[in-house]
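Subject: Structure for you to look at, with notes

Dear colleague,

Here is the structure I promised to pass on.

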Amino acid sequence: MPLPTTISRLCAAATLAALPVVATPALAQSTTNGVAAPAQAQLSNDPRMDWWRDARFGMFIHWGLYAVPAGEWGDGTGHAEWIRTTAQIPLDTYDQFRGQFNPVKFDADEWAAMAADAGMKYIVITTKHHDGFALYDSAVSDFDVMSTPFKRDIMAELAEATRAQGLEMCWYHSIMDWHHPDYLPRRGWEKADRPDGDADMDRYVQYLFNQVTELLTNYGDIGVMWFDGEWEATWNSTYGEALYKLCRSLQPDVIVNNRVDKGRGGMAGMSDEGYFGDFGTPEQTIPATGIPGVDWETCMTMNGHWGYNAADKDFKSTTDLIQKLGDIASKGGNFLLNIGPKADGTFPQESIDRLREIGDWMDVNGEAIYGTSASPFDTLPWGRCTMKHHGDRHLDMTTLYLHVFDWPTSGVLRLDGLGNEVLSAKLLGDADRSVGVEQHNGTAFLQVGTGAPDPHSSVIELSMQGRPIVYRAPSVNAPATRLYDPIEVSITSGSKHLEARYTLDGSEPTASSTLARGPLTISDSCTLIAQTFRDGKPVSATTRVTFEKVSPQPATVTRGAHDGLRCAVFEGEWDALPDFTGLTATESFASDTVALPDTYTKERVAHRYTGRIRIDHTGMYAFALTSDDGSALAINGTTVVDNDGLHGSKTITGVAALEAGWHTITVDWFNKTGGAELALRMGPVGSEAEIVDPGRFSHE
Ligand code: H79
């Protein structure tokens with residue numbers, strides 16, 4: 001793992017099914033088979049969440065002493081809000097940034113206006129980040145803004161300005177604290193300077209609670225308490241529950257994120273059942289599908305850093321940000337987009353420009369974002385969909401907003417699988433441009449004209465009676481799409497009670513195509529096309545999967561003279577697998593298999609395992625490689641699994657067709673810092689992959 005951590009995460013799955021291919025995602029809300037059915041799981045009925053669910057879009061602000069060095073320390077320019085730890089700055093050196101923190105250009109009204117003009121409905125700002133520095137006047141700490149030349153309570157000013165714009169003020173507050181003497185653990189590198197002494201975590205938690213009490217007492221109504229840094233082993237669920245309850249007792253309506261407790265599953269951000277926290281917090285990532293019944297918010301940087309980094313000019317484009325907002329809303333989530341202000345109190349110009357352009361788009365298209373719920377469709381080839389259902393005793397209507405990212409060159413946009421009659425269609429922002437509609441067998445053809453009206457994302461509004469009726473394409477489940485021996489494939493109708501029909505010759509399914517019933521066997525290259533039928537008519541989009549029959553790689557080597565693999569060890573600090581050619585190994589030994597001892601703690605290290613692997617029967621094999629940090633597997637010199645990069649425990653599976661006999665194998669692995677893990681599993685495609693038996697390896 002890239003960052004120091006005391007969490008040890010064991011590989012969760014003992015065995016892994018080999019590379020399932022599911023061609024249609026299985027999650028969508030309000031999806032029915034022609035009869036309106038309730039969504040599988042409903043969001044809670046808690047009115048406390050209403051404003052937040054309607055808002056969909058907020059501003060994150062990371063600001064603190066770290067804006068002073070602006071990401072630069074010594075030769076490094078890649079630091080940001082983690083600089084105290086990533087540059088290993090001693091505490092008293094870091095404290096000196098206080099003397100330079102004087103953001104004379106800070107204007108709370110300007111910040112709040114930029115958020116409001118961008119269409120954001122709330123602002124979450126770092127009241128204290130991991131460095132422990134408070135941006136407000138804290139009576140329980142001297143390490144706060146009142147100890148800087150600026151001496152103004154930034155949070156008080158921003159809270160007032162934010163509310164004046166009609167936005168909700170929300171606080172980020174770090175649980176992890178690298179400054180408070182009672183917080184444990186110390187960073188590994190600072191132990192000599194800052195021994196644990198009589199540090200007492202309970203006393204730190206009291207301090208944390210005191211600061212949270214200040215923040216929820218002295219600044220009016222707070223929308224969200226956004227905690228972070230909960231992953232350290234010193235934080236536990238008992239503290240988490242108490243902190244959640246403290247927030248709600250001080251402000252019953254406050255919303256608290258899931259990082260208050262220990263339930264978060266890594267950067268994907270969702271919590272397991274039974275943990276405190278009102279919403280999930282995917283970080284720098286957007287879930288592949290919505291999750292019915294779950295509130296969540298993706299937080300993301302505009303460039304590659306949260307705190308201000310003067311060297312980082314790699315900003316996401318406005319188009320990308322607007323499409324991400326549409327993507328997130330189409331999955332029922334919120335988008336919390338980050339700004340890292342400079343030490344003088346202004347926003348980076350690149351951020352200002354993007355906020356303004358997003359605001360222009362929101363002026364026209366905001367109704368396709370605010371108050372919407374997740375798309376009833378699985379995926380749409382040209383963009384995303386959000387919806388509003390207006391239902392009461394007098395009125396039962398649905399509005400679909402089609403966010404078109406890829407405008408059709410033909411001028412006709414195709415929407416497959418819609419069962420409702422479209423009553424009206426129009427383009428947001430251009431009432432004069434008419435949109436004609438033709439519907440045929442579950443497909444709506446929308447005459448939208450040529451030339452995208454909006455360069456980022458154009459929105460078409462469709463209205464219809466009742467809840468949306470969506471005919472989903474069948475899902476195809478196959479162990480792999482490359483085969484040697486015949487494989488079994490199953491096709492499941494997209495909607496209960498409706499039939500799926502398919503072809504294998506590349507033609508479009510018709511009412512006389514084969515009905516999908518039970519698994520079918522694929523033994524040669526082909527393209528499978530499946531579609532959902534109702535009353536003899538195709539009503540859904542098609543699902544297409546191409547299968548390729550491959551010839552196995554010949555076994556060109558023989559058994560090596562020695563058992564096991566040769567493992568060469570290299571030392572160095574890498575963010576990805578190094579180029580091993582030209583590196584000198586510090587040691588080398590015979591290893592039974594591809595694995596690390598349970599007690600392995602070495603950091604800044606890489607391993608290269610080389611040798612041969614025995615295959616007993618010619619066929620297609622799946623290889624699952626689990627590692628923390630990155631790894632890769634090559635067989636006969638060809639990459640089969642690429643699991644590279646800085647990450648926690650992660651498994652990636654690849655397949656290879658191999659002849660019986662001996663093949664060359666290379667497994668590369670590295671660990672920068674933190675947890676270390678490596679395991680290789682294999683099995684014939686379609687069966688369980690298991691830890692590779694040491695007897696299968698040899699080397700020269
Ligand atoms: O404030 C910003 C970052 O400074 C902070 N969160 C955002 C909003 C942040 N701190 N650390 N990280 C982000 C990345 C940390 C990742 C990990 Fe983990 C912590 C890897 C291992 C421990 C996440 C939590 C994955 C497993 C547990």
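Buried area, as used here, is the accessible area (1.4 Å probe) that two parts lose on being put together, summed over both. The size of an interface is often given in this way, as the accessible area lost when the parts come together. Please keep in mind that this is a predicted model, in which local features need pLDDT of at least 70 and side-chain atom pairs count only at pLDDT 80 or more, while totals for chains, interfaces and linings use all residues. Residues are numbered from 1 along each chain as its sequence is written, and side-chain values use heavy atoms, with hydrogens and water left out.

The domain assignment, whose bounds come from an automatic or database source, divides the protein chain into domain 1 (51–363), domain 2 (383–465), domain 3 (475–549) and domain 4 (562–699). The centres of domain 3 and domain 4, taken over C-alpha atoms, are 36 Å apart. Between domain 3 and domain 4 about 520 Å² is buried, with carbon and sulfur atoms giving 72% of that area. On the domain 3 side, Pro479, Arg482 and Tyr484 lose the most area to domain 4, and together they make up 73% of what that side buries.

Counted by contact (heavy atoms within 4.5 Å), six residues of domain 3 meet six residues of domain 4. There are zero salt bridges between domain 3 and domain 4, a salt bridge being a side-chain nitrogen of Lys or Arg within 4 Å of a carboxyl oxygen of Asp or Glu.

Salt bridges do occur elsewhere, and a search of the whole structure finds 34 of them. One of these joins Glu230 to Arg264, with the closest N and O atoms 2.8 Å apart. This pair links distant parts of the chain, 34 residues apart, since Glu230 is in the loop between β6 and α7 (237–250) and Arg264 is in the loop between β7 (255–256) and β8 (297–300). Helices (H or I, at least four residues) and strands (E, at least two) are DSSP runs, numbered from the N terminus.

Some backbone details also deserve a look. The peptide bond from Leu184 to Pro185 is cis, with omega near 0 degrees, and Pro185 lies in the loop between β5 (168–174) and α6 (201–215). A cis peptide bond also joins Asp628 and Asp629, with omega about 0 degrees, and Asp629 sits in the loop between β29 (619–628) and β30 (631–635). Gln88, a residue other than glycine, has a positive phi near 50 degrees, and is found in the loop between α2 (83–86) and α3 (91–95).

With best wishes
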